[in-house]
Amino acid sequence: MSNLIKPDISVNIGRLKLKNPILTASGTFGYADEYDDFMNVSNIGAIVTKGITLNPKTGNPQPRIKEVKNGLINSIGLENVGIQDFIDKKLPVLKENNIDFILNIAGASIEEYIEIAKICQSNNIETVELNLSCPNVKSGCLEFGKDEKTLYKLVSEVRKNFDNTLIVKLSSNVSFPEKMAKTAEKGGADAISAINTVKAMNIDINKNLKGFKSIKGGLSGSCIKPLALNFIYEIRQHIAIPIIGMGGISCFQDMLEFFAVGADAVQIGTANFTHPDLSDTLVIELNNFMKQQNYGSLAELVRDLRYEY
Amino acid sequence: MQLKTQNKIKGPHIVEVLSNIKLSDDTWKLTFQNQEIAENAKPGQFVSILCEDLLLRRPFSVANTINNSFEIIYKVKGKGTKYLSSLRNGESADIIGPMGNGFTIENKNSLLIGCGVGIAPINFLSNILEKSGIKHSFVACSQTFINTGITENQVIITEDGSAGLEGRLDQHLKKIINEVKPEKIYTCGPNPAMAYVSLTAEKYEISVEAALERDFACGTGVCMGCVIQIKDNNKTINKRICKDGPVFRGNEVLWQCPI
């Protein structure tokens, strides 16, 4: 294999053909234009938008973020511009700049998810990621990802109203990951993405020892990587559809670990805050690595990494 | 909107430390060499510094630019600032910026009020106004004296009386306003101080620009972690301090703090 031939690092997720397997996670990359100062955003496989709801949401009160050791707790509460504003203002920017994207959608009821799915269908949105796992909103999201019956109903109803690629994002806050993954597949998901942030809490005891300040929210960052790897390893053998893995990826080695346990593509999340150019760097590093190791395609590399199976 | 697709104009830049000096017991000034940041930074803008072992970058207002270098002023409080205080000449740091929107510079008699490390962007603004020949006075308030280089038009207020006037800002502000008769006020410091400045200025019908701060996760406008409530006609809307600010008009901020 000659070093001059560009390795094929494309990957298919449902009908979505990604030019490379490196995506940026919902809520960590805005609507892409914010990262224009740090890279050519169109180099990335795809960006996953901030979670979009039917109507705009103002989110939770402060405090919303707290850094913990090797991690970050957030309680944003899905503040977003709403689907119509996304279509009017954000979508044209993504299209004009050839940025591949996946629209992350969230709802407070099955009807709301269906309504957004219909809007996506009529606006030719190619790929949707169902957010069933946001731990920070009082109704909806995580509740839908908790039991099989509700999950099946939601995914299958959205499927009926949306023909394009449908990704279901799962939470790790469940007792039987493989059951949830199988249910999503049965309901018609084209792919699974996992994991979302993990329910967590931070306590700061007041200096005078009288009481404490607290924040509850979703934990992300490198401290959740072992949980994420295990989750993906557990669901891989139970489903045939692709998995987009995420949870604490902050370097090239981390990405390979996710491929090894069963991910077909990855999302970079909190590490975008630390290294805003990381996803772009990983694309370059993956290309170089494949050339050095004489891999012609990503599939070959992934096959070798999963040698144990 | 056509994006620029110019890679890495805001970094990350690996920048060299030129000096790191103590201004008071716990307050330091770091000078970094970087032409792009020095040329582009405006008073009120900030840089985000990657601090050893910490997940999130820490934001610092640009405190001055000189030729190809820029300065920050910081108070040693936590792990991030402790790391900064360990940096020595010739070592390097990973920095992105300049980020956010700076102060609007107008040719008006201006009163500049910096409290604590909030002196940093005010110091930078004072230098720019000086170069532009815009009349201004600079009030520097702190618990104990922070020596940023005293200029003629500077009023120092220290709580411990270690320099200048003794006491707090609220004991002296009205008198200063009456003497200076400013048409515009710029401020940076703890929220209660900025809220006090804004409410006082409102009584005198003087417009205020305030540079705010809060813990940031991204510092680039994507995470929505740093939002504050801004008055917008009869309702309030969320704005991101890092991206929409950090400079806001004093009378548009819903100051949710005791003064």
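Okay, let's start where the two chains meet: 33 residues of chain A and 27 residues of chain B make the contact, and two residues count as touching if their C-beta atoms, placed from the backbone, lie within 7 Å. On the chain A side, strand E5 (65-68), strand E6 (71-74), helix H1 (83-96) and helix H7 (271-274) each supply at least two residues. E6(A) gives the most, with three residues. Helices here are DSSP runs (H or I, at least four residues), as are strands (E, at least two), numbered from the N terminus. By class, that side of chain A has 11 nonpolar, 13 polar and nine charged residues; nonpolar is Ala, Val, Leu, Ile, Met, Phe, Trp, Tyr, Cys and Pro, charged is Asp, Glu, Lys and Arg, and the others, Gly among them, are polar.

Quick caveat: this is a predicted model, where local features need pLDDT of at least 70 and side-chain atom pairs count only at pLDDT 80 or more, while totals for chains, interfaces and linings use all residues. Residues are numbered from 1 along each chain as its sequence is written, with chains lettered from A and ligands numbered from 1 in the order written.

Now, Gly187(A), in helix H4 (residues 177-187) of chain A. Gly187(A) counts as buried because it has 20 C-beta neighbours inside 10 Å (buried is 20 or more, exposed 12 or fewer, partly exposed in between, with C-beta atoms placed from the backbone). Leaving out residues up to four places away in sequence, Gly187(A) touches Leu151(A), Tyr152(A), Val155(A), Ser156(A) and Arg159(A). Its C-alpha sits 8.1 Å from that of Leu151(A), 36 residues apart along the chain.
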